[in-house]
Amino acid sequence: MLTVNFQSRTPVYIQLYENFIRMVSVGAIKPHDKLPPVRTLASNLGINPSTVQKAYKMLEEEGYIYSTVGSGSFVSDKLDNNEAAKQLARKELDEALSKAYKNGLSKEEMHQMVDNIERVEN
């Protein structure tokens, strides 16, 4: 189920976008599943329909969903579970690296950490 955290600094439409990717990655949403109508989802979440529309538009522009006139929005087959999980991991890593860099970790220290992870995993 799609949820939002009103205390988060992340805009609600981004939260919806990320929730969608996360749900695909765990298999809760599958290709060609129908998404809830904009007004229904907005009402269920207590948010403005334009916020849901913005998230849907972003997902559609990236090819993750498609719309058919009179039928609604559906999940495309662009994201399989593995690709969705990778995309989510990339986003989380990007945020973590940005935070680490802003807090003084050097590029070399980050490279060393990645090298250490590779050694442990192999």
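Let's start with α4 (81–102) and α5 (107–121), which each give at least two residues to the lining of the largest pocket. Helices here are DSSP runs of H or I with at least four residues, strands are E runs with at least two, and both are numbered from the N terminus. The lining of that pocket consists of Leu93, Ala96, Leu97, Ala100, Leu105, Met110, Met113, Val114 and Ile117. Its space comes to about 210 Å³.

A word on terms: on a 1 Å grid over the protein atoms alone, a pocket is an open set of points with protein on both sides within 12 Å along at least five of seven lines, a cavity is a set where a 1.4 Å probe fits but cannot get out, and lining residues have an atom within 4 Å of a point. Points are joined across faces, edges and corners, and the volume is the space filled by probe spheres set on them.

By class, the pocket lining has nine nonpolar, no polar and no charged residues. Nonpolar means Ala, Val, Leu, Ile, Met, Phe, Trp, Tyr, Cys and Pro; charged means Asp, Glu, Lys and Arg; the others, Gly among them, are polar.

Before I go on: this is a predicted model, so local features need pLDDT of at least 70 and side-chain atom pairs pLDDT 80 or more, while totals for chains, interfaces and linings use all residues. Numbering runs from 1 along each chain as its sequence is written, and side-chain values use heavy atoms, with hydrogens and water left out.

How many cavities of 30 Å³ or more does the structure hold? One, and the largest cavity has about 50 Å³ of space. Around it you'll find Leu2, Leu16, Tyr17, Phe20, Leu35, Leu41, Ala55, Tyr56 and Leu59. Helices α1 (12–25) and α3 (49–61) each supply at least two of the lining residues.

Now the core. A nonpolar core is a set of buried Ala, Val, Leu, Ile, Met, Phe, Trp, Tyr and Cys residues joined through side-chain atoms within 4.5 Å. The largest one has 24 residues, and those touching the most other members are Leu16, Phe20, Ile21, Ile47, Val52, Tyr56 and Leu59. Two or more residues each come from α1, α2 (38–45) and α3, with α1 giving the largest share, seven.

On to the rings. There are two aromatic pairs in the whole structure, where rings of Phe, Tyr and Trp (its six-membered ring) pair if their centres lie within 6.5 Å, with planes under 30 degrees apart counted as stacked, over 60 as edge-to-face and the rest as tilted. Tyr17 and Tyr64 have ring centres 6.4 Å apart and planes at 50°, so that pair is tilted. Tyr17 lies in helix α1 and Tyr64 in the loop between α3 and β1 (65–68), so the pair ties together parts 47 residues apart in sequence. Both Tyr17 and Tyr64 are buried, meaning under 20% relative accessible area, with exposed over 50% and partly exposed in between (1.4 Å probe, protein chains only). The other pair, Tyr66 and Phe74, is stacked, at 5.6 Å centre to centre and 25° between the planes.

Most residues other than glycine have a negative phi. At 45% relative accessibility, His32 is partly exposed.
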